[in-house]
Amino acid sequence: DNAMVFAFQKAEDVLPYLNDRCVYLVGMMGSGKTTVGKIIAEVLGYSFFDSDKLVEQSVGIPSVAEIFQVHSEAFFRDNESEVLRDLSSMHRLIVATGGGAVIRPINWSYMRKGLTIWLDVPLDALARRIAAVGTASRPLLHQESGDPYAKAYAKLTALFEQRMDSYANADARVSLENIALKQGHNDVNVLTPSAIAIEVFEYF
Ligand SMILES: Nc1ncnc2c1ncn2[C@@H]1O[C@H](COP(=O)(O)OP(=O)(O)O)[C@@H](O)[C@H]1O
Ligand SMILES: O=C(O)C1=C[C@@H](OP(=O)(O)O)[C@@H](O)[C@H](O)C1
Ligand SMILES: [Mg+2]
């Protein structure tokens, strides 16, 4: 599509500014860190890593949900910090972090070696996305019953309240609400992952 062609062009312009540093995407569950991160890596020719996937591989359990079940959230967080530490010694990586990685200050000491970008997406859009795909892979949002949108929205609101100051530690905030408004829309859902990737390049 057109946005991808433009993203490849734009990537060429911004690569010198990035100068081999790693980019860490932070933001709430469902904000698009994994989806947008893969596109950014593709157009830059950088390697993509998802910290959730790396934790699964290092623990030897195939899903974050099972790691929470078999062990605990604290065990997951310890492994998440180890993964971020190991990545921080490398170059030319795009890293999609888990939504909760921002809460541990030690993780910032690793991520600060690169560029940190906060994908800020309105909570109602997050809840809509998560209700659409289900909560099976996101244990903090998992629920047995009730309206999936309403439950996700309530839990996301509580988590955001705890975490917003931590997200604000990022070098740049990419606000989907602002991008949509700038483009004359009042719904962030019109923004495709490649269009968002292009906006991220503004901060390199
Ligand atoms: N720009 C977008 N527009 C619509 N849906 C999106 C967009 N970005 C991501 N999604 C969808 O939202 C869900 C969460 O995206 P994901 O990349 O896994 O987020 P994160 O890694 O931040 O939790 C996925 O189902 C994905 O397909
Ligand atoms: O916000 C969180 O605390 C979490 C987010 C998840 O990653 P995504 O943000 O990629 O969904 C995953 O690390 C885990 O379920 C916990
Ligand atoms: Mg993810």
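Author: The axes of helix α2 (residues 33-44) and helix α10 (residues 193-200) come within 9 Å of each other and cross at roughly 65°; axes are lines fitted to C-alpha atoms, for helices over the stretch in contact, with angles from 0 to 180 degrees between N-to-C directions. Helices are DSSP runs (H or I, at least four residues), numbered from the N terminus. The model is predicted: local features need pLDDT of at least 70 and side-chain atom pairs count only at pLDDT 80 or more, while totals for chains, interfaces and linings use all residues. Residues are numbered from 1 along each chain as its sequence is written, and chains are lettered from A and ligands numbered from 1 in the order in which they are written.

Angles of 65 to 115 degrees count as roughly perpendicular, and α2 and α10 are therefore roughly perpendicular to each other. Their crossing is right-handed (the near helix is turned clockwise from the far one by less than a right angle). On α2 the contact is made by T35, V36, I39, I40 and V43, and on α10 by P193, S194, I196, A197 and V200 (C-beta atoms, placed from the backbone, within 7 Å). By class, this contact has 8 nonpolar, 2 polar and no charged residues (Ala, Val, Leu, Ile, Met, Phe, Trp, Tyr, Cys and Pro count as nonpolar, Asp, Glu, Lys and Arg as charged, the others, Gly among them, as polar).

Ligand 1 is surrounded by 15 residues, the closest being G32, K33, T34, T35 and R129 (C-beta atom, placed from the backbone, within 6 Å). Two or more residues of this shell come from each of α2, α7 (123-133) and α10, and α2 gives the largest share, 3 residues.

Technical notes
Parallel < 35°, antiparallel > 145°, perpendicular 65-115°, else oblique. Contact = placed C-beta atoms within 7 Å.
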